[in-house]
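Please look through the sequence and the model shown here, and then follow the report below, which moves from a single residue to the whole chain.

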Amino acid sequence: MKKGCTIGDGVLHASMMHAIQSEQEPGLTRHRFFLLFVFLLATLILFPYAEASHFGSYAFRVIGSFAILISVYAAKVHRSLLIVAIVLAIPALFERIVLPKVSANSFSIFNMVLTFVFDVVIVVVIFRHVFAAEQPTSETIFGALCVYLLVGFTFAGAYGMLAAFQPNAFYLDPRANLHNIPDRFDFIYYSFGTMTSLGTAGVTPVSPQARSFSILEAILGVLYLAVMIARLIGAYRPNSSR
């Protein structure tokens with residue numbers, strides 16, 4: 001009986017300490033994943049309008065740049081990796097602001113590789129934060145959504161690199177597209193269509209490498225949803241028994 005009381009007191013004390021720490025955190029820190037989710041979603045929505053007008057292009061680049069900076073802030077990268085994350089964020093910012101088109105020159109490919117490494121690092125760090133949360137909150141859920149969106153953008157970057165190395169890796173059906181060479185929005189459209197199993201009419205992977213990446217993304221998308229839903233349900237189960 002005493003042990004039960006001790007355990008209950010310990011749980012209550014831990015909950016109180018967690019609440020106190022949350023209240024002491026600045027408002028921006030407590031909602032960093034929500035803020036990142038909003039910017040990622042805005043980037044996804046504004047992408048088709050990036051080239052429609054000067055204002056759309058400017059707004060897209062500003063929001064995309066803020067999304068990169070907020071991703072570093074939201075990830076709470078350890079000090080040992082902070083310098084690496086900042087260095088890798090520079091090519092990502094440069095690609096988002098200065099290099100709007102996919103090209104096959106060596107500098108562009110090198111920049112895309114560094115951007116891809118940056119995306120992978122941010123996804124892994126945020127995933128560890130979300131998966132390690134003992135008591136999931138609304139921020140945990142937004143963090144899980146951010147990981148899902150970031151994975152889609154990361155694979156879009158991987159498809160862009162693949163197309164830079166293999167110009168014929170993807171085929172665009174002229175009956176469903178207004179251009180013959182895929183651009184970055186085509187890769188984003190294809191990435192999220194593959195990950196969500198929605199399908200991507202008009203964009204077809206041709207090379208074996210493109211098909212292999214597509215299979216991998218489809219598998220990871222399904223596994224991620226299954227693992228995260230099971231993790232969140234399992235973490236909420238102790239609270240429902242009280």
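S197 lies in the loop between helix 8 and strand 2 (203-205), where helices are DSSP runs of H or I with at least four residues and strands are DSSP runs of E with at least two, both numbered from the N terminus. Although S197 is not a glycine, this residue has a positive phi of about 60°. Most residues other than glycine have a negative phi. With a relative accessible area of 59%, S197 is exposed, a label given over 50%, while buried means under 20% and partly exposed lies in between, using a 1.4 Å probe and protein chains only.

The model is predicted, and local features need pLDDT of at least 70, side-chain atom pairs count only at pLDDT 80 or more, and totals for chains, interfaces and linings use all residues. Residues are numbered from 1 along each chain as its sequence is written, and side-chain values use heavy atoms, with hydrogens and water left out.

Side chains of opposite charge can pair when their charged atoms come close. A salt bridge is counted when a side-chain nitrogen of Lys or Arg is within 4 Å of a carboxyl oxygen of Asp or Glu, and by this rule the count is one. R175 forms a salt bridge with D173, and their closest N and O atoms are 3.2 Å apart. The accessibility of the two partners is set out here.

| Residue | Relative accessibility | Class |
|---|---|---|
| R175 | 78% | exposed |
| D173 | 17% | buried |

The next topic is a pair of helices. The axes of helix 7 (residues 138-165) and helix 8 (residues 184-195) come within 8 Å and cross at roughly 125°, the axes being lines fitted to C-alpha atoms over the stretch in contact, with angles from 0 to 180 degrees between N-to-C directions. Helix 7 and helix 8 are therefore oblique to each other, a class for angles that are not under 35 degrees (roughly parallel), over 145 (roughly antiparallel) or 65 to 115 (roughly perpendicular). The residues in contact, meaning heavy atoms within 4.5 Å, include Y148, F155 and Y159 of helix 7 and F187, Y190 and M195 of helix 8.

In the chain as a whole, the secondary structure comes to nine helices and two strands, which follow the pattern α-α-α-α-α-α-α-β-α-β-α along the sequence. Buried residues make up 40% of the 242 residues. Among contacts between residues at least 6 apart in sequence, 75% join residues at least 24 apart.
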